[in-house]
Amino acid sequence: MDWIDKNVFPSSTKESPFIRALVTVVCEGALYEDDEGSWKCNVDELKERKNLLQKYIDANTSLEVQALYAVQALFVKKGHPPGFVKSYFDSLYDEDIISEESFHTWESSLDEEPGKGVTVMAASEFFRWLKSALEENGEGS
């Protein structure tokens, strides 16, 4: 955080390119290959950088959506590894880095970022879980 505060204009830290770069670096740092050869999120590594992400994303829906596009781009770059999207989405949600609203905004976005369709499909299990959790809490329709 100190390096960012000293070297990046404060206004730039609330722009899409910065958030995407930050989330990409953090997610790459938390990436590990499991015993089956799938790339997943190391939750402990992500937790260590939780405050960094929360500081710059700042519970801003638009920036949270940019963070999800960064995960999507990394998923595409890694060749669509099974379980990748769910592991990151679970972790980002569980650690209160990305809100439920932002996940739905990302999912329904019409922006045709590279790999959007395949990423939405890979996230289907996460969204089913999110919907069932809401219904269990009486928040669903």
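In the predicted model, phenylalanine 126 has a relative accessibility of 1% and therefore counts as buried. The rings of phenylalanine 103 and phenylalanine 127 have centres 6.4 Å apart and planes at 80 degrees, so this pair is edge-to-face. Because phenylalanine 103 belongs to helix α7 and phenylalanine 127 to helix α9, the pair ties together parts that are 24 residues apart in sequence. Both phenylalanine 103 and phenylalanine 127 are buried.

The count of aromatic pairs in the model comes to 15. One of them is formed by phenylalanine 89 and phenylalanine 126, which adopt an edge-to-face arrangement with 5.5 Å from centre to centre and 80 degrees between the planes. This pair links distant parts of the chain, with phenylalanine 89 in helix α6 and phenylalanine 126 in helix α9 (residues 124–136), 37 residues apart. Phenylalanine 89 counts as buried because its relative accessibility is 0%. Ring pairs link Phe89, Phe103, Phe126 and Phe127, together with Tyr93, Trp106 and Trp129, into a cluster.

Helix α6 (residues 84–94) and helix α7 (residues 100–108) have axes that come within 10 Å and cross at roughly 145 degrees. Their contact is made by Phe89, Leu92 and Tyr93 on the side of α6 and by Glu100, Phe103 and Trp106 on the side of α7. By class, this contact comprises five nonpolar residues, one charged residue and no polar residues.

Lysine side chains are also placed over tryptophan rings. Lysine 116 lies over the face of tryptophan 106, at 5.3 Å from the ring centre, while the charged end of lysine 78 sits over the ring of tryptophan 39, 5.1 Å from its centre.

Technical notes: Residues numbered from 1 in each chain as written. Predicted model: local features only at pLDDT ≥ 70, side-chain atom pairs only at ≥ 80, totals over all residues. Heavy atoms only, no water. Axes fitted to C-alpha atoms, helices over the stretch in contact; angles between N-to-C directions. Helix = DSSP H or I, 4+ residues; strand = E, 2+ residues; numbered from the N terminus. Contact = heavy atoms within 4.5 Å. Nonpolar A, V, L, I, M, F, W, Y, C, P; charged D, E, K, R; others polar. Phe/Tyr/Trp six-rings, centres within 6.5 Å; stacked < 30°, edge-to-face > 60°. Buried < 20%, exposed > 50% of the residue type's maximum accessible area, 1.4 Å probe, protein only. Lys NZ or Arg CZ within 6 Å of the ring centre and 35° of its normal.
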